[in-house]
Amino acid sequence: MSAQAPVKRFTAPQIAARKNGTPIVSLTAYTAPMAAMVDPHAELILVGDSLGMVVHGLPSTIGVTMEMMILHGQAVMRGSSRAMVVIDMPFGSYEESPQQAFHNAARIMQETGCGAVKLEGGARMAETVAFLTQRGIPVMGHVGLTPQATHVMGGFKTQGRDHDSWPMHIEDARSIAAAGAFCVVVEGVLAELADRITDAIDVPTIGIGASARCDGQILVLDDMLGMSGRVPRFVRKFGNAGEDCARAIAEYAAAVRDRSFPAEEQTYR
């Protein structure tokens, strides 16, 4: 009897081919157990630099390092087998030059085995996206609200409220799609602008705080499971794991204090 063929992961060309097709399901994951839960249901898992805030308690994504992204990327790869895993390039790891970006993107892919990297920025990053894709590194783009640039933007502000800015955002998406990005995250923009961006480019858009007309959607897993505190308006909580965990921890503490745990069934004789 021949050995069963391993499950193949989704690839960049397969994701790109989903333009105007069945919506692409994407979620973040930062650990092997969470990746294992997401894997059967998602085509794409993003190891986002949001892990700095969600897992490490940082005030923003700016303090996230290459080592952090690689460590969590390795865990997510071990916990998944079907979804394409994309890893964020952290702040300062790609902006200086295309050569710097290639050095760090190659390191991420070599040390994790992931399928692609993601970087933020529109037209200004087109040269870098082209440099990477021409050298065999699939790139996911990210336009609109770009968290690594919030100091310049003045905070986490919805983009596109000024209609005069729409051509700039559309051109940002067009530029990185033309440079070779296989899909583009569109974050924190007016729905009407997200629709324009989706119509303007030939690769899938992945919305987060954008529009249902995007070719796919992504959320931070901890946000949609109710494990975060205050979350943006665009998050829908699909569960209350945070409340469940808090209740379970409180019950454990009470059981320890009244000596009802460990009970006989948890004790060796």
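1. Strand β2 (residues 44–47) pairs with β3 in the parallel sense, over four bridges. Leu44 stands opposite Met84 in β3. Two strands count as paired if DSSP finds at least two bridges between them. Strands (E, at least two residues) and helices (H or I, at least four) are DSSP runs, numbered from the N terminus. In general, strands of a sheet pair through backbone hydrogen bonds, either parallel or antiparallel.

2. The model is predicted: local features need pLDDT of at least 70 and side-chain atom pairs count only at pLDDT 80 or more, while totals for chains, interfaces and linings use all residues. Residues are numbered from 1 along each chain as its sequence is written, and side-chain values use heavy atoms, with hydrogens and water left out.

3. How many of the residues of strand β3 (residues 84–88) are buried? Five of its five residues are, and the strand is mostly covered. Buried means under 20% relative accessible area, exposed means over 50%, and partly exposed lies in between (1.4 Å probe, protein chains only). Both faces of β3 are covered: Met84, Val86 and Asp88 are buried on one side, and Val85 and Ile87 on the other.

4. β3 is also joined to strand β4 (residues 116–118), by three bridges, and the two run parallel. The bridge partner of Ile87 in β4 is Val117. From β3 the chain passes through helix α5 (residues 98–112) to reach β4, a right-handed β-α-β crossover. Right-handed here means that, with the strands pointing away from the viewer, the path from the first strand over the helix to the second runs clockwise.

5. These strands belong to a closed barrel of eight strands with parallel pairing, in the order β1-β2-β3-β4-β5-β6-β7-β8. Neighbouring strands of this sheet are turned by 25° against each other on average, direction ignored.

6. Strand β6 (residues 183–187) is joined to strand β7 (residues 205–208) by four bridges, and they run parallel; Val185 has Ile206 in β7 as its bridge partner. Two bridges join β7 to β8, again running parallel, and in β8 the bridge partner of Ile206 is Gly216. β1 and strand β8 (residues 216–219) pair in the parallel sense over four bridges, with Leu27 opposite Leu219 in β8.

7. Helix α5 packs against helix α6 (residues 126–133) at an angle of about 45°, with the axes 9 Å apart. Axes are lines fitted to C-alpha atoms, for helices over the stretch in contact, and angles run from 0 to 180 degrees between N-to-C directions. The two helices are therefore oblique to each other: angles under 35 degrees count as roughly parallel, over 145 as roughly antiparallel, 65 to 115 as roughly perpendicular, and the rest as oblique.

8. α5 passes α6 in a right-handed crossing. The contact (heavy atoms within 4.5 Å) is made by Pro98, Gln99, Ala101, Phe102 and Ala105 of α5 and by Glu127, Thr128, Phe131 and Leu132 of α6. A crossing is right-handed if the near helix is turned clockwise from the far one by less than a right angle, and left-handed if anticlockwise.

9. Some backbone details deserve a check. Asn20 has phi near 60°, a positive value in a residue other than glycine; Asn20 lies in the loop between α1 (12–16) and β1 (24–28) and is exposed, with a relative accessible area of 65%. Arg259 is not a glycine either, yet has a positive phi of about 65°. Arg259 lies in the segment after α11 and is exposed, at 75% relative accessible area.

10. The peptide bond from Phe261 to Pro262 is cis, with omega near 0°. Pro262 is placed in the segment after α11 (241–257).
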